[in-house]
Amino acid sequence: MFWIPMLVAGAMSAGQSAMANKEQVAKAKQQNKAREKVDLRNLADAAQQVGSLGMLAGEYRRQATETRIAAQREVGKARGTAEAQAGAAGIKGASVDAVFQDLDREFSEADVAIDRDLENKQYNLGEQLRTLQLSTANGLMGQINPQAGLKNPLMDGLMTMGNMYANSYFKFGASGGSNG
């Protein structure tokens, strides 16, 4: 007779643990769906920002190319003007070559400045991209393991039965012993 209440209490404890586990798994799955929506929205925003940075990088390269072409055009005009003036004046030789060398030097300096400006802009875009990656990674919520922290219903039932047995043993066993 003593075993029946113990078995019933163990079964009830196991059933309660199983129901609590089921609720915890359902709650974790629901939270995971909400977290996934937030993560997908964050990733979509980050992808859009990466696309914008890529477009900006292309624009910077286009501007550098246009600036370089404009500088080449100006040097070409200046060479043509200098050559025409030197020819009209009958000047030849080292002085004309010196003017051309000055024009070439100025173009080289402008070319280096264009390259430096483009490098700086690209470096800044790279830093913005790294910052975006870090903030996106830190903003991701991730998923909750629905199985984490679940109780084993069988163990809960056995522990309840063991506790009842131990309580009854100490209550009855220690005082109800033999008189010698």
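The exercises below concern cores, surface and ring contacts in a predicted model.

**Exercise 1.** Find the residues of the largest nonpolar core and the elements that give two or more residues to this core.

Solution. Step 1: the largest nonpolar core has 8 residues in all, namely A71, V75, A82, A86, V96, F100, L103 and F107. Step 2: the elements giving two or more residues to this core are α1 and α2 (94–139). Step 3: a separate second core, of 7 residues, has L53, Y60, I114 and L125 among its members.

**Exercise 2.** Determine what sits over the ring of F100, and how many aromatic pairs are counted.

Solution. Step 2: over its ring sits the charged end of R79, 4.6 Å from the ring centre. Step 3: the cut-off for a charge over a ring is within 6 Å of the ring centre. Step 4: the count of aromatic pairs is 0.

**Exercise 3.** Identify the residues of the nonpolar surface patch and the element that gives the most to the patch.

Solution. Step 1: W3, L7, Y165, Y169 and F170 form a nonpolar surface patch of about 600 Å². Step 2: two or more residues each come from α1 (3–89) and α3 (153–173). Step 3: α3 contributes the most, with 3 residues. Step 4: W3 is found in helix α1.

**Exercise 4.** Decide whether G90 is buried or exposed.

Solution. Step 1: G90 is in the loop between α1 and α2. Step 2: G90 has a relative accessible area of 57%, so G90 is exposed, the cut-off for exposed being over 50%.

Technical notes: Residues are numbered from 1 along each chain as its sequence is written. This is a predicted model: local features need pLDDT of at least 70, side-chain atom pairs count only at pLDDT 80 or more; totals for chains, interfaces and linings use all residues. Side-chain values use heavy atoms; hydrogens and water are left out. Rings of Phe, Tyr and Trp (its six-membered ring) pair if their centres lie within 6.5 Å; planes under 30 degrees apart count as stacked, over 60 as edge-to-face and the rest as tilted. A charge sits over a ring if NZ of Lys or CZ of Arg is within 6 Å of the ring centre and within 35 degrees of the ring normal. Patches are made of residues with over 30% relative accessible area and no salt bridge: like charges are joined within 9 Å, nonpolar side chains (Val, Leu, Ile, Met, Phe, Trp, Tyr) within 5 Å. Accessible areas come from the Shrake-Rupley method with a 1.4 Å probe; for residues, only the protein chains shown count as cover. A salt bridge is a side-chain nitrogen of Lys or Arg within 4 Å of a carboxyl oxygen of Asp or Glu. Helices (H or I, at least four residues) and strands (E, at least two) are DSSP runs, numbered from the N terminus. A nonpolar core is a set of buried Ala, Val, Leu, Ile, Met, Phe, Trp, Tyr and Cys residues joined through side-chain atoms within 4.5 Å. Buried means under 20% relative accessible area, exposed over 50%, partly exposed in between (1.4 Å probe, protein chains only).
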